[in-house]
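My notes follow in the order I looked things up.

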Amino acid sequence: MISIAVIVTLVVLLLLLAVKAPVAVSLGVSGAVGLLLLHGFGYTTNVLGSTPFSDTASFSLTIIPMFILMGMFAVRANLAEQVFAIASRVARNAPGGLGVATVMACAGFSAVSGSSIGTAATMSKLAVGEMRRHGYPAHFASALVAVAGTLGVMIPPSTFLVLYAILTQQSVGQMLAAGIIPGLLSAIAYTIYIMLMGKRLVTADVSLEAVATAAHHDAKAAREPRHATALAEKPEPQAPATPWRKLPWRGAVRVVILFAIVLGGMYSGLFTSTESAAIGALAALVILILENRRKGGKHIWGALKGALQDTGSTTAMVFMIIVGSGILSTFFIAARVPDTITAAVTGLQLPAMLTMALLLFCLIPLGMVLESLSILVITVPILFPIATELGFDGIWLGILIVKLIEIGMVTPPVGINVFVVAGTSGVPSETVFRGITPLFFIDLGVVVLLFLVPQITLFLPGLVASSAG
């Protein structure tokens, strides 16, 4: 009976996701169906009545809307534009300079946005059009932004890392610290690839004036015939270098301030993780007001209102998914799915590293058909008990899961970052997917390195733990 309930539940889940039902609804309904089959109506209604409160009535969860709010304020404070302008000037003379600048800007903006989709959407408006106008093939330019945008779920503050820490009862501070080196390592790997490919790409740099007109050119690109977007445009002449003193250095300073407030306050013991997120959001609000003060109170209010609305909708979506995953997780536990899988896996008597590698590898095909956040909330309750039973570190596991989820965010057919970049830049999604392949293997190489050398991931969390002790 239990095996039948599990099969029916998984079929219902996949069918609901296939017909594009909301992820939260898919998780909750499939879990409820499984509980009905397993324990009947009374038990199921009790779970449905208690789970929304029990799974969300946690003070630690307030860190999620605070990080989201900080990122929304940062977007409307034009930090992405300022960071991109500086990165473009810094990387001007490097092979593939504009591509390197795009990766640098994505990494910098990820440090305050905490969102992969937000990073990809913002940077695609700035970078894709500029790279195409300076001779980069459309598939390379758009794919680079889609992949580099995934740094938003790894480099802290990351809502994915926070949610993983809450789901597994790991330290939020240590989990965020663990994402720094893998995130930077991924950015360095992308940069090396771009520089090696630089001689094959027609590159020129971008001035601040070009950045200011990015929206106009992107709108023009969106109106082009679909087949034209797959072709590289004729490169523009090299733009004069923007004087260093005229660069918007305030943007870089503000990013450093926000990063220091969140992580510095947390690791110094001055704030708790929740308090640091709230103070970071407050600092981002001050930055938004300072950046837009000359445009008047009406403009500031509009930016503030838009940030609050976006934060509200995103937070509601995340918490609904938490509730839905709680119902499904309750079914998994009631059906003893984690215990059954653990027993089956350990019964194979394979080496622990090989067993864990095979389980983690399964996340790649899952990423091809499931939305990224749903992968996290579905797989963590299953993989975490197995990993701890085999003796693996929970923080190391979390980084690998999030990194593999990053890969899923750019693999077809779901590839949410690809569709975000395609919709924002006007480049067809099939063109973006065409440029993903080499970057996909670079990401796989980073995953293998992190898997084989756990100390890369655990070095900073170890320092945080020792300083706290």
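I take the expected span of a helix as 1.5 Å times one less than its number of residues. Helices (H or I, at least four residues) and strands (E, at least two) are DSSP runs, numbered from the N terminus. The model is predicted: local features need pLDDT of at least 70, side-chain atom pairs count only at pLDDT 80 or more, and totals for chains, interfaces and linings use all residues. Residues are numbered from 1 along each chain as its sequence is written, and side-chain values use heavy atoms, without hydrogens and water.

**Helix H6.** I checked H6, residues 97-113. Its 17 residues should span 24 Å at 1.5 Å a residue, and its end C-alpha atoms are 24 Å apart, so the two agree. I find 16 of the 17 residues of H6 buried (under 20% relative accessible area, 1.4 Å probe, protein chains only). Just after H6, glycine 114 has a positive phi of about 70°.

**Helices H20 and H21.** I looked at H20 (residues 372-389) and H21 (residues 394-408) next. They pack at an angle of about 150°, with axes 11 Å apart. H20 is therefore roughly antiparallel to H21 (angles over 145 degrees count as such). On the H20 side, the contact (heavy atoms within 4.5 Å) includes Ile375, Leu383 and Phe384. From H21, Gly394, Leu397, Ile401 and Ile405 take part.

**Whole chain.** I counted 25 helices and zero strands. Buried residues make up 54% of the 469 residues. Of the contacts with a separation of 6 or more, 80% join residues 24 or more positions apart.

Definitions and conventions. Axes are lines fitted to C-alpha atoms, for helices over the stretch in contact, and angles run from 0 to 180 degrees between N-to-C directions. Angles under 35 degrees count as roughly parallel, over 145 as roughly antiparallel, 65 to 115 as roughly perpendicular and the rest as oblique. Buried means under 20% relative accessible area, exposed over 50%, partly exposed in between (1.4 Å probe, protein chains only).
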